Every structure is written in structure tokens, then in C-alpha cells.
Amino acid sequence: MNNTKFFLSIFSFFLFNFSFSQSISLFNGIDLKGWTIHGTEKWYVDNGDLVCESGPDNEYGYLSTEKYYDDFILTLEFKQESNGNSGVFFRSTLDGIKISGWQVEVAPPGDNTGGIYESYGRGWLIKPDLKKDENLKYGEWNFMKIKVKGDNVITWLNGSKMVNFEDKKIGEGKGLIALQIHSGGDLKIRWRNIKLEEL
């Protein structure tokens, strides 16, 4: 009888976690349903990839979720094809192409991919150790993981932890997830397998 209760408890535990911890795809590989474009830069789907490319104004551009997300694990892949200055914003809000919130950097070699930057605020909050930059595969597909829970943010790049940061202001933040294309022109970045698990 005790063994039966034990196995039922284990089964219930796994059933609960399996049922309520499933990730969702934020990008369907077909169109931009569920996303909002901010600015005049180009966002489109090509061969199942989400592509951002400099537009006529060579300005900042963003593609944001329609929904706010607080605590989550976000995973995605990105490939920097022509320049690679971009980023993944979380708990952020937009007014036109002015974004307020926090960004996990996606950048060319030597420019702190995986670090955390506060837009229209304190600037760089934490940068990865320089030696960790070797984890970036420039011009190839990279796997990024971002965990945001309360006031803690952890980032990984291709399986290696980049930063682990706690901040009271981040903990109080509310907002969207958004992908960025930097100003300056000649930028092109591909994204795929954008999945989110709410915590």
C-alpha cells in the first residue's frame, strides 16, 4: 500500500510539471502573427526563419510580442549574416522606436553578447567575461537561453553561462519581449525556434 501511494505521488508530480511547464512557440515559422513591428526596418519570414534587415531609414527597429511576460525561460537561435548588432529585450515597453527596459545583447565578436543593458537608464548593468566571447559563432547559428525570474536574470550562449545578475529594478519591471535591429544600416539577422516557458 505504501509503495502504491509512493508511485502515485511520483506520477502526480511528473504529470503536474509536464502539464504546466510546457513551452510555447512565439514564432510559427510562417508569418508574424502574435508580433508587432515598431519602426520602418524590415521584418519578414524567409524559408521558415524570422529575418530582420535594415530598412530605408537605417534606424532602430523592434519586433515585440503582443503579450507581457514576467517570469520565463526563453530559448532561441540567431544567425548574424551582415553585421550582427541586435538584442532580445524583456520586461520592456515601447513608444514608437523608443524602448524602455532591459536587453540581452546580441552583437558582433567583442561586443558583449549575453550581457545585460538597460535602455534609457543605467546603460550596461553587466558584461560577460571577455574570454566567454569565444562562445559566439559569428555567421553561424547560435543557441541562446534567457531565464528571467523575479529580480534574477541568467543568460546562456551555446550552452555556456554568460551572466547571472540580480537587480531590484528589473524585479519591479513589467513589459513585452522584443527583438531589436540596431541603427546604422547594413544589418541582417536571422532568428528561429523562439520558444518560451512561463515560470
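**View 1. Ser 86 meets its bridge partner in β8, Val 106.** These two residues belong to a strand pair: β7 (residues 86-95) and β8 (residues 98-106) run antiparallel and share eight bridges. Strands here are DSSP runs of E with at least two residues, numbered from the N terminus, and two of them pair if DSSP finds at least two bridges between them. Keep in mind that this is a predicted model, where local features need pLDDT of at least 70, side-chain atom pairs count only at pLDDT 80 or more, and totals for chains, interfaces and linings use all residues. Residues are numbered from 1 along each chain as its sequence is written, and side-chain values use heavy atoms, leaving out hydrogens and water.

**View 2. An open sheet of seven strands comes into view.** Read across, the order is β2-β5-β14-β7-β8-β9-β10, with antiparallel pairing. At the edges stand β2 (35-38) and β10 (123-126); each has a single partner strand, so one side of each has no neighbour in the sheet. From one strand to the next, the twist averages 25°, an angle between N-to-C directions of axes fitted to C-alpha atoms, on a scale from 0 to 180 degrees.

**View 3. Here's Gln 180, in strand β14 (residues 176-181).** Gln 180 counts as buried because its relative accessibility is 4%, and buried means under 20% relative accessible area (1.4 Å probe, protein chains only). The residues Gln 180 touches include Trp 43, Cys 52, Tyr 60, Phe 89 and Trp 191, leaving aside residues up to four places away in sequence. Ser 86 from the opening view is also one of its contacts; contact means heavy atoms within 4.5 Å.

Definitions and conventions: Helices (H or I, at least four residues) and strands (E, at least two) are DSSP runs, numbered from the N terminus. Buried means under 20% relative accessible area, exposed over 50%, partly exposed in between (1.4 Å probe, protein chains only).
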